[in-house]
Number of protein chains: 2
Amino acid sequence: MRSYSTSVLAHLFGIISIILLLVWLLHYREGIEYDSDNPLRVFNVHPFLMFFGFIFLVGQAIMSYHTVPGTHETQKIVHMTLHFIAIILGIVGICAVFKFHDMVNLVDVYSLHSWIGIGTFCLVGLQWLFGLTFMFPGSRQSRASLAPWHIAGGRALFYMAICAALTGLMERTAMLKLQPHQRESHLINFLGLSILLFGVFVDVTVGLAHFA
Amino acid sequence: MRSYSTSVLAHLFGIISIILLLVWLLHYREGIEYDSDNPLRVFNVHPFLMFFGFIFLVGQAIMSYHTVPGTHETQKIVHMTLHFIAIILGIVGICAVFKFHDMVNLVDVYSLHSWIGIGTFCLVGLQWLFGLTFMFPGSRQSRASLAPWHIAGGRALFYMAICAALTGLMERTAMLKLQPHQRESHLINFLGLSILLFGVFVDVTVGLAHFA
């Protein structure tokens, strides 16, 4: 019951984040299109897919043990499949930003945002491969000894992804040279807070479940 | 034993972060002084106290149940006292940035970093007051039902503080107009990664202990 109420808040802030992100990219910015000649439309694929495609789905996957009805096996398959889709969409989102850098001749991978983002994404890929061991029949004992690391590591990686998103918003605000107290700056700040609260409530949902 | 090895890593990255922070502020920048006529020296008090004074001590306080020898009561007093010192030093660190803004006529509290930072700091203050209930003799049952919220909330707040630090480094990089692949940019990126890993290993130390 406790976990349930926090997962509702997680969903609430996840959906608010998607709405704010779309208002930002479609109304204040140029729109979202991978195959565009306008590099800014190509760039916008990156924040959209990294949040809606990657972070939002990973959050859902993390909460699946507390939100998906059915057996533990069903929840496990949902957990693995959502992560798989998130990783594929994340790869497209990362390709978008490299394509944008090529189009406008910008240097790749120099900022703290890019270091955190790429590092986290690679570790999530490894964690997914490592997690496959839980899908196959094996020694129940060795799986039980791996589970704490998988859970603690997964929660840390999810928070690292939130850090990547927030540093990305900071980088974009600086690149767009937005002024203090401009309407778009406020929108981006609320988007950032909403993404942070999505992360917090996903994490608290998992955290409280340990005590249930 | 598992928690022990991750708390060693937490200490390692905590100390690396302090060293990189000092190299940045003392060697690349102007130094650290609250009562200076040079606004940049006043500003530098902010990152120094918010990491070394606040985040590092809060991390130590969080891990105290796993690192401090002695009874549970002793650990609890260490946990509370370290948080108290961290909050006092954090207040001085926040005052420093407001003093800097006054000296150079900058707008206060407009960036995502400042919103996350101030929000997190206020919530940590509330959490500390709320945590005092654990210091006084009371119904064991009601304290046991509050503990999961205190622990899950505290972990989330600690990660929010890490997010504040990383967005702060992004903001400073943009304000200083550092160029890609400049030596100081790399130093700040490594500092950011090190702070992130300090956060990760503090969190994993607490996370693994739940399964011990």
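Between chain A and chain B of this predicted model, the count of salt bridges is 0. Polar contacts do occur: 4 residue pairs, with both partners at pLDDT 80 or more, are in polar contact between chain A and chain B. The side of chain A that touches chain B is made up, by class, of 26 nonpolar, 10 polar and 4 charged residues.

The extent of the interface can be given in residues and in area. On the chain A side 40 residues are in contact with chain B, and on the chain B side 40 residues are in contact with chain A. Together the two chains bury about 3,900 Å² between them, and 84% of this area is on carbon and sulfur atoms. Within chain A, the residues that lose the most area to chain B are L112(A), W115(A) and M170(A), which together make up 18% of what that side buries.

Which helices of chain A each supply at least two residues of the side that touches chain B? They are α1 (2-28), α4 (112-131), α5 (140-175) and α6 (183-209). Of these, α5(A) provides the largest share of that side, with 16 residues.

The next point is how the two chains are arranged.

In an unreviewed entry, UniProt lists "domain: Cytochrome b561" at residues 9-207 of chain A. In the model, that stretch of chain A is 82% helix and 0% strand, and its end C-alpha atoms are 14 Å apart.

UniProt, again in an unreviewed entry, also places the feature "transmembrane region" on chain A, at residues 7-28, 48-68, 80-100, 112-136, 156-175 and 187-211. Two of these spans can be followed in the model. Residues 156-175 of chain A are 100% helix and 0% strand, with end C-alpha atoms 28 Å apart. Residues 187-211 of chain A are 92% helix and 0% strand, and the end C-alpha atoms of this span lie 37 Å apart.

Methods
Residues numbered from 1 in each chain as written. Chains lettered and ligands numbered in written order. Predicted model: local features only at pLDDT ≥ 70, side-chain atom pairs only at ≥ 80, totals over all residues. Heavy atoms only, no water. Contact = heavy atoms within 4.5 Å. Buried area = accessible area lost by both parts, 1.4 Å probe. Salt bridge = Lys/Arg side-chain N within 4 Å of Asp/Glu carboxyl O. Polar contact = N/O pair within 3.5 Å; in protein donor to acceptor, adjacent residues only side chain to side chain. Helix = DSSP H or I, 4+ residues; strand = E, 2+ residues; numbered from the N terminus. Nonpolar A, V, L, I, M, F, W, Y, C, P; charged D, E, K, R; others polar. UniProt positions renumbered as here; feature names shortened; annotations may be inferred.
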